Structures are given as C-alpha cells and as structure tokens.
Amino acid sequence: MEAQIQSIEAAAQHQQTSLIQSKINQLKNSQSLVPFSDEDFVMIQKEINSSLNVPIPEKKQDFKAFKSRVDQIQSKISNFSSNFIKRIFPFKKQQPIQQSDQVTQGQQGERQQSQHVKLDQNGFIFIDDYQNELSKLDWIQLYKMKKFAFTQDRELYPQVKYQVFQGLSSLPSQDRQAAWLLLLGIDTKSEQYRTYQELYYDFLCTQCERGSEQEYIENLIDKDIHRTFAEQKMFTEHPKSGRNRLFNLLKAYSLYDTDVGYMQGMNFIAWLVLKNFGEDDALAFAVFARILKINEWKRLYIQDTPKLFEMIPVIKSFLMKRLPKLDQKLTENQVPLEPLLAAPFITIFANLIEIEDAERALERFMLLGENYVIDTLKNMFTVHKEILMEMDAWDLQVFIGRKMFQASIENGTFFLSHTHHK
Amino acid sequence: MGNCNKKGKPSRPSVRDPINIRGDKENKVSYAKVVLIGNSGVGKTSIAQRFIEGKFDENNKNTVGASYFQKNISFKDGSSLCLYIWDTAGGEKFQALAPLYYRVKSKYIINIFQNAHAAVVCYSVTDDDSLKQIDTWLNKLDEHGNIAKMIKVVVGNKSDVDKSERRVDLKEGKLFAQQRDLPFFETSALLNDGSIDELFQKLASQIKQSFTKEELHATV
C-alpha cells in the first residue's frame with residue numbers, strides 16, 4: 001500500500017516537473033512574451049533554426065566607419081533588455097514565494113535550467129505582492145515602480161493582459177505612454193536610454209553625402225512621408241526641412257540600423273509611435289527601435305525579408321492541419337500567400353484597418369509579439385473559411401490580400417479575446 | 001467597384017456571402033491578369049484607383065506587398081473582359097520577393113508576374129530616374145514572366161504637372177517606348193481627362209486580340 005502511494009507521488013512529481021519543463025520550452029519557443037534584444041534572440045533562434053534549418057542571413061557590411069561607431073554605441077545599449085533572460089526563467093533562488101511543496105519542486109526544475117544562463121544580479125526586478133484591481137491599473141505608478149518584469153508576476157501579468165486587450169485608447173496620453181514604455185521595457189531613467197537619446201540627436205545632425213547610399217534611402221523615406229495616413233495631416237512639413245518628425249525618426253532609424261535602412265511599411269508603425277509620443281522624438285525613436293526588436297521583427301525589413309518566409313509557413317501548416325479543404329483550394333488555385341500576407345506582417349495591420357484599430361493591434365503586438373499577428377491571421381482564415389471556399393482564384397486574392405481585414409473588424413472577429421492567445 | 005457578374009444567372013442567396021465579395025461568373029466571361037509595375041511613387045495605385053473608382057485620392061498610402069483590384073471592361077460587340085489588376089509595391093525590397101518565389105520551388109508559391117497577360121510599366125514624368133528604371137522592370141518581366149506573348153505598355157504618369165516640375169517630356173517618353181517597340185501612353189491619375197480609361201480600354205482590346213478564349217480562362 002505504502003509503495004503504491006510512493007509510486008503515485010513519484011509519478012505526480014514527475015508530471016509536475018515535466019509540466020514546468022514544457023512550460024519553459026513553450027516560453028522559449030513562443031518567443032512572444034517580451035520584446036528582447038538581438039543577442040537574446042540569437043540564443044533562442046539558434047535552437048529553433050537548427051530544427052527548422054532556416055539560415056540566418058549574413059549581415060551586410062557597408063557604411064563601415066559609421067557602422068562601427070553605431071556598433072560601439074549599440075554594445076552599450078545591448079544590456080538594455082538583458083532582463084529578458086529573467087523573464088524566460090522567472091524564479092530565482094532568493095525568491096521567497098513558497099506556497100506549496102509543488103512550487104518548490106517546480107522551482108528546482110527551473111533552477112537547474114537557469115544554471116546554464118548567467119543572470120545579471122543587479123538588474124533583476126523582484127516582484128512580490130503587488131496587487132491591484134482588475135479594472136484600474138495605474139500605469140504611471142507601475143512604470144515608476146519599474147514593473148518591467150510584469151510577465152513573470154502571476155498576479156500582475158493577467159491584469160496587464162486584460163487591460164491591453166480591453167484597449168488603452170481611453171487612457172490619458174501620459175498613462176498610455178507609460179503603458180507602452182512598460183510593455184516595451186524602456187526605462188527613461190536608465191543610462192541605456194540616455195544613450196538612445198544621444199544617438200538620436202547625433203543621427204539628426206548627420207548629413208548624407210550626395211550620391212551615397214544613405215541619400216538613396218532618405219529619398220525613399222521622403223517619398224513615403226506624404227503617403228502615411230496623409231488624411232490625418234500630421235507630419236506635413238517638408239521632409240528634408242529637418243522639422244518633419246516622421247522623416248526624422250525614419251532617418252534616424254536608417255542610420256541606427258544599417259542592415260535595415262528603410263523598407264516601405266515601417267512608416268506606418270513609426271507614425272503610430274509618433275502619434276502617441278507627441279513631445280519627445282528621442283523617446284519615440286527608442287520606442288520604435290524596441291518594437292522592431294520584438295521577435296527580431298526587423299528581419300522583416302532586411303534584404304529578402306527572411307522573417308516573412310519563416311512566418312508564412314506557420315500559417316500554411318495551420319491551414320494544412322486545421323483547414324485542409326481550404327488549404328487544398330488555395331494550392332489548386334495557386335494563391336500565393338507571401339505577397340498577399342506581406343502587409344499584415346510588415347505593417348502589423350496598420351495600413352489595412354482604421355488607425356484606432358491599428359493602435360490596438362500594435363499594443364497587443366507589444367504584449368504578445370509575433371504570435372499575436374499569426375493567431376489573428378489563423379483566426380481570420382477560420383472565420384472566413386466558408387466564404388473563401390466559394391470564391392474563385394481571382395476573388396480569393398482580392399479577399400485575402402485586402403478585404404479580409406476590414407471584414408473581420410466589421411464582423412467583430414478581428415480582435416480575439418485575451419483567453420484566445422496562450 | 002465594377003465587378004464581373006453577368007446578368008441572366010439567378011443570383012444565389014446572399015446568406016453565405018454577406019460582404020458580397022463573390023461574383024457569380026458565367027463561362028462566357030473572360031479574365032485577364034494585369035500587373036502594374038514601376039518605381040516607388042510614380043502613381044501605380046493612383047492609376048488603378050482612377051480606373052476602378054474614377055477618383056483620385058490624394059491621401060493614398062504607399063503600397064506594401066501587393067494590392068488587388070478588379071474591373072469589368074465592355075466591348076462594343078457586347079462581350080466583356082474582366083481585368084484583375086495586381087497593383088504592386090515599387091519598393092526595392094519587395095522586388096526582391098519575386099526571385100525568391102522561384103528559389104523555394106514549391107508549387108504553392110508563384111511569383112507575381114506568373115500568368116500575367118499584360119504589364120503596365122509606369123514611370124513618372126517628374127522623375128527621370130523612374131524612366132531609366134523601366135528597363136530594369138522589363139528585364140524582370142522577361143526573367144519571371146511565363147507568358148511569351150505578354151503585352152507590355154509604357155506609361156508616363158503625372159502628365160498634369162507644371163512644366164517646371166517635368167523632367168521627362170512627351171517626346172522623350174515616346175521615343176523610349178518606340179525604341180523598345182512598346183505602346184506608349186502619357187496619363188494623369190489626378191485629372192479626369194480620360195487618359196487612364198483610354199489606356200485600359202486599349203490594353204483590354206489588345207489582350208482580347210492576342211489571347212484565345214481558353215487562355216483568358218486560365219487560373220491565376
């Protein structure tokens with residue numbers, strides 16, 4: 001009898017350990033909980049790549065002198081988000097939450113895992129008993145308290161998620177700004193942020209040489225300034241006057257990240273950022289740069305857009321498994337998903353739906369990362385599968401490429417409930 | 001927006017088609033795929049919009065990836081041709097997508113020039129570089145298109161601009177097209193001067209002449 005109980009206990013323990021292990025793996029694989037830096041990404045991406053066999057494109061080296069300087073400065077910034085590691089492995093040894101034996105058991109599993117990773121002791125933010133009402137999160141207060149590690153707070157995280165899913169548009173602008181900074185892990189009091197600031201003003205003062213690649217890039221940006229939510233009449237100054245904030249932001253980014261430079265589509269995201277950071281352009285620059293770090297999103301904007309070719313197969317395999325008839329139909333009709341679904345990824349839906357909705361989408365993206373976009377697209381195919389099945393090859397393209405998005409907004413299926421995203 | 005519905009067929013109950021995307025097509029209707037290409041900012045989307053909706057939207061957004069439009073063209077003999085227009089992004093990084101489709105070598109993945117019956121290659125009369133780039137675009141068509149008799153036309157857009165802003169004159173554009181043995185049009189998407197309707201009318205007639213009924217039934 002006793003032996004039986006023991007074996008049951010052992011089995012339960014084993015189950016618990018493997019459950020936690022699978023959760024860690026899920027976190028690692030989802031890459032979606034928090035924005036993180038290039039360095040963090042490479043660590044995880046290597047694992048994923050080895051299983052998927054996706055080549056990471058080699059970085060292009062032009063602009064050498066400037067680049068080396070930027071690299072130098074960037075190395076200073078790189079630990080900006082070093083607490084990503086802490087978010088992946090949420091519990092540390094000294095963490096005093098021990099509610100039950102099971103939790104302790106679980107922590108051991110996680111501790112083992114975290115021994116392989118060097119943790120920055122100083123930067124760790126410890127959350128204990130923060131509690132708040134579900135309906136009222138004081139973002140400014142949370143931000144002052146530096147709750148950047150909210151994803152590992154079992155009480156705070158659901159509230160943050162709930163609030164973001166409710167939408168932050170009704171908040172006063174300062175609160176909304178605090179919410180964005182918190183979601184993105186930007187601490188304006190940090191030295192890293194001051195480096196961003198310095199960098200931004202350095203970039204603004206940079207004049208490109210005639211005939212240089214940078215001049216070519218700035219001309220591209222110039223062309224898109226008046227094609228970015230132009231009806232809002234927000235950034236109407238001449239792009240090269242030095243007073244056009246949208247141009248300045250995109251120019252600064254193109255100098256900051258020379259692998260990317262500029263790609264059409266970035267302009268819509270930059271516009272949304274500037275709309276919400278009206279007074280502080282350097283802060284807007286930091287916010288924009290951070291958004292493009294989420295799940296290495298910038299790899300959508302580099303040569304050959306490798307990220308797009310990694311994410312579309314996720315949608316395809318979903319169609320194959322879950323909507324096999326639709327998948328077959330798309331295949332038979334040779335409907336190319338890459339160009340059709342380029343815009344929702346590259347602009348995070350921004351050029352496909354109304355601005356207010358685009359802001360909501362962007363906020364969810366800050367919280368959930370690429371899985372937000374992927375889940376939303378999967379859901380759209382599911383919701384519209386019947387009508388898609390009745391379309392011919394031509395209409396399929398018009399619908400999937402353009403009409404599907406606003407149609408989903410209109411029938412109330414675009415924004416999934418917070419329980420939908422894992 | 002014009003669509004390709006043909007009268008005569010009893011319309012299906014709209015329950016399954018709440019947003020009316022689907023058109024019920026009879027076999028008699030022919031379809032053609034047209035791609036609009038050219039450098040960023042020459043006005044490809046505005047050309048499509050003028051043709052489809054008969055208006056000019058000064059608040060157009062730059063195209064990301066590709067956008068799709070359809071419009072039915074009627075001929076004097078009573079027949080019609082449904083044009084499916086792929087309005088593509090001019091940005092260079094999007095151009096990089098086309099060869100990639102080939103590299104992946106999956107049946108599923110095709111490039112946007114495949115099975116195109118016609119290509120409208122655009123430049124802006126305010127941008128001499130966009131004219132020079134026409135050759136690059138024509139090369140891309142040769143490289144990635146699979147229909148040998150694809151119809152190509154050269155279009156100089158923004159003909160409405162002030163003389164002081166013009167960088168390519170009518171003659172220059174004409175000569176350029178002539179040297180490459182291609183039809184030439186100068187258009188204005190801004191003005192409602194009929195230039196864009198004329199372009200697509202002529203293009204549609206040309207498609208109708210050059211392709212058989214069967215060829216205009218092929219899938220995308």
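User: Is A:Lys223 buried, partly exposed or exposed, and what is its relative accessible area?

Analyst: Buried means under 20% relative accessible area, exposed over 50%, and partly exposed in between, with a 1.4 Å probe and protein chains only. With a relative accessible area of 26%, A:Lys223 is partly exposed. The model is predicted: local features need pLDDT of at least 70 and side-chain atom pairs count only at pLDDT 80 or more, whereas totals for chains, interfaces and linings use all residues. Residues are numbered from 1 along each chain as its sequence is written, chains are lettered from A and ligands numbered from 1 in the order in which they are written, and side-chain values use heavy atoms, leaving out hydrogens and water.

User: With which residue does A:Lys223 form a salt bridge?

Analyst: Side chains of opposite charge can pair when their charged atoms come close. The rule for a salt bridge is a side-chain nitrogen of Lys or Arg within 4 Å of a carboxyl oxygen of Asp or Glu. A:Lys223 forms a salt bridge with B:Asp127, and the closest N and O atoms are 3.9 Å apart. The pair joins two chains, because A:Lys223 lies in helix α10 of chain A and B:Asp127 in the loop between β4 (118–124) and α4 (128–132) of chain B. Helices (H or I, at least four residues) and strands (E, at least two) are DSSP runs, numbered from the N terminus. B:Asp127 has 18% relative accessibility and therefore counts as buried.

User: How many aromatic pairs does the structure hold?

Analyst: Rings of Phe, Tyr and Trp (its six-membered ring) pair if their centres lie within 6.5 Å; planes under 30 degrees apart count as stacked, over 60 as edge-to-face and the rest as tilted. The structure holds 24 such pairs over all chains. In one of them, A:Phe229 and A:Phe268 have ring centres 5.3 Å apart and planes at 70°, so the pair is edge-to-face. Both A:Phe229 and A:Phe268 are buried.

User: Is the pair of B:Phe51 and B:Phe200 stacked or edge-to-face?

Analyst: The pair is stacked, because the ring centres of B:Phe51 and B:Phe200 are 4.0 Å apart and their planes are at 15°. The pair links distant parts of the chain, with B:Phe51 in helix α1 of chain B and B:Phe200 in helix α7 (residues 195–210) of chain B, 149 residues apart. B:Phe51 and B:Phe200 are both buried.

User: Which residue lies over the face of B:Phe176?

Analyst: A charge sits over a ring if NZ of Lys or CZ of Arg is within 6 Å of the ring centre and within 35 degrees of the ring normal. B:Arg180 lies over the face of B:Phe176, at 3.6 Å from the ring centre. B:Lys140 lies over the face of B:Trp137, at 5.9 Å from the ring centre.
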